[in-house]
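Here are a few notes to read alongside the model. Take them in order, with the structure open.

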Amino acid sequence: MDDEIHNSETPNSSCDSILQEIVQKLVYEALVWSSLHGLLVGDKQDQRSGEVPGVGLVHAPFALLPKSFPRSHWQQACELAPIFNELVDRVSLDGKFLQESLSRTKKVDTFTSRLLDIHSKMLEINKKEDIRLGLHRSDYMLDSQTKDLRQIELNTISSSFPGLSCLVGKLHKYLLNHYGNHLGLDSAQVPENTAVFQYAEALARAWKEFNNGRAVIMFVVQKEERNMYDQHWLSLTLKEKYGVMTIRKTLAEINADGRLLEDGTLIIDDQVVALVYFRAGYTPNDYPSESEWHARLLVEQSSAIKCPSISYHLAGTKKIQQELARDNVLERFLENKDDIAKLRKCFAGLWNLDNSNVIDNAVERPDLFVLKPQREGGGNNIYGEDMKEVLLKWKREGSDELSAYILMQRIFPAVSPSIMVRNGVIHQDNAISELGIYGAYLRNKDKVVLNDHSGYLMRTKVSSSNEGGVAAGFAVLDSVYLT
Ligand code: ADP
Ligand code: MG
Ligand code: MG
């Protein structure tokens, strides 16, 4: 489907050929800019690129030009961030709600079950988290028919790309500053993206609340991480701007080298850990053995700040998203009627699969729904005929598997032609976009230190692809052109 410009036929009009010439020039400039400014990921082709920084780098996949997005919807999405932040915090405090909502999922989904076990243990010992840090990202699509903003999901663990998304915004501004006249585009319409600074600020302020000048922030990472530069942008900012030191550890390393003092202080390599920031631990693949589960429990038992805590993590699962969309559930957690109305307005249709009418509807019109498990990181959802088949099978067998999934209304964003660049190769295709708004929330007991939206991530993918992850290889990084 993809149309590589290098191989495309001679354009049939001179206007086209001028355009293609500009595109070639812009792509060249963009590739140079990305290489010089750290808009980079590890290259799959190089085995060491996920472990050794500076080895096997390739530019992050990007859209050549920013994506048009209505200013009013943009503002709406930004305004929602602090409300979702507050909601996650409230939900996290209701252990019973989390346990009960996930109780049926627990029976069939081992991963969720393990997370719930840790959560139960913390409930048993009445563990309190006085300092709570949330670095969330709420993702949206704009429904092309109703023109409504619809939430796809809320990420409460390992919200990625605060670093690289800022750079794509800068790249687009740079291109428009130099070529905007030819293209009829104005760089001022691309909103400033400060995600990396705001995330660093939130981490630094949490670190400060912990109140131990010698303590470090520990990034929990995967052993191999091709998206390491996004993470390094955060550590670098923390060090340069706030003088806060960070270390990187895998869950296996934490299990081997971490220990707790009697008062709960988490020690690793003889250093006190003030804050544990998870950029791993969101997928079952991150727990290949009991060691990793030990490490997760150790962190949770400690007095270090966790971003996220186990309850923040659970509050961001898809099952909880679906439960929160049920009638009168938001009212349990929030008092402000306007806030509740704003949240509800962005909810898509969400259902559990207990009801056979729901299953029948999905089987009848599979194209209108998405079947989602309790997983993160892209590539896990089931669509179309696959969904139909699996639903029919489970229904026939009366399978409990259904409790591991939720059903969601499928959103169809407007399709528009896009120029995407991956691995130095240009692809022109029809594409759709998903807007993520970062949110940062920090509180210490009753004092809310921070609660704000904090930058954005635009991702664009060919419209024929179901999934959307950049790291998973489906989408490219993009920015926003406000209209
Ligand atoms: P994950 O936590 O794995 O990122 P998501 O809910 O974000 O899970 O789903 C992955 C991708 O699937 C999204 O980025 C989006 O492209 C697509 N997707 C998810 N839900 C919907 C939906 N309701 N309508 C259309 N596309 C969806
Ligand atoms: Mg997610
Ligand atoms: Mg997602």
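1. A nitrogen atom of ligand 1 sits 2.8 Å from a polar backbone atom of Gln 409. An oxygen atom of the ligand is 2.7 Å from a polar backbone atom of Gly 378, and an oxygen atom is 2.5 Å from an N or O atom in the side chain of Glu 434. On its own, ligand 1 exposes 540 Å², and the protein buries 96% of that (Shrake-Rupley areas, 1.4 Å probe).

2. Before going on: this is a predicted model, where local features need pLDDT of at least 70, side-chain atom pairs count only at pLDDT 80 or more, and totals for chains, interfaces and linings use all residues. Residues are numbered from 1 along each chain as written, chains are lettered from A and ligands numbered from 1 in written order, and side-chain values use heavy atoms, leaving out hydrogens and water.

3. What surrounds the ligand? There are 21 residues around ligand 1, with Lys 318, Lys 372, Glu 376, Gly 378 and Glu 434 the closest (a heavy atom within 4 Å). They split into 6 nonpolar, 6 polar and 9 charged. Domain 1 (13–348 + 411–482) and domain 2 (349–410) both contribute to this shell, so ligand 1 lies between them.

4. Now helix H10, residues 290–301. Its 12 residues should span 16 Å at 1.5 Å a residue, and the end C-alpha atoms are 16 Å apart, which agrees (expected span: 1.5 Å times one less than the number of residues). Its buried residues (under 20% relative accessible area, 1.4 Å probe, protein chains only) include Trp 293, Leu 297 and Glu 300.

Methods: Polar contact = N/O pair within 3.5 Å; in protein donor to acceptor, adjacent residues only side chain to side chain. Nonpolar A, V, L, I, M, F, W, Y, C, P; charged D, E, K, R; others polar. Domains from an automatic or database assignment. Helix = DSSP H or I, 4+ residues; strand = E, 2+ residues; numbered from the N terminus. Buried < 20%, exposed > 50% of the residue type's maximum accessible area, 1.4 Å probe, protein only.
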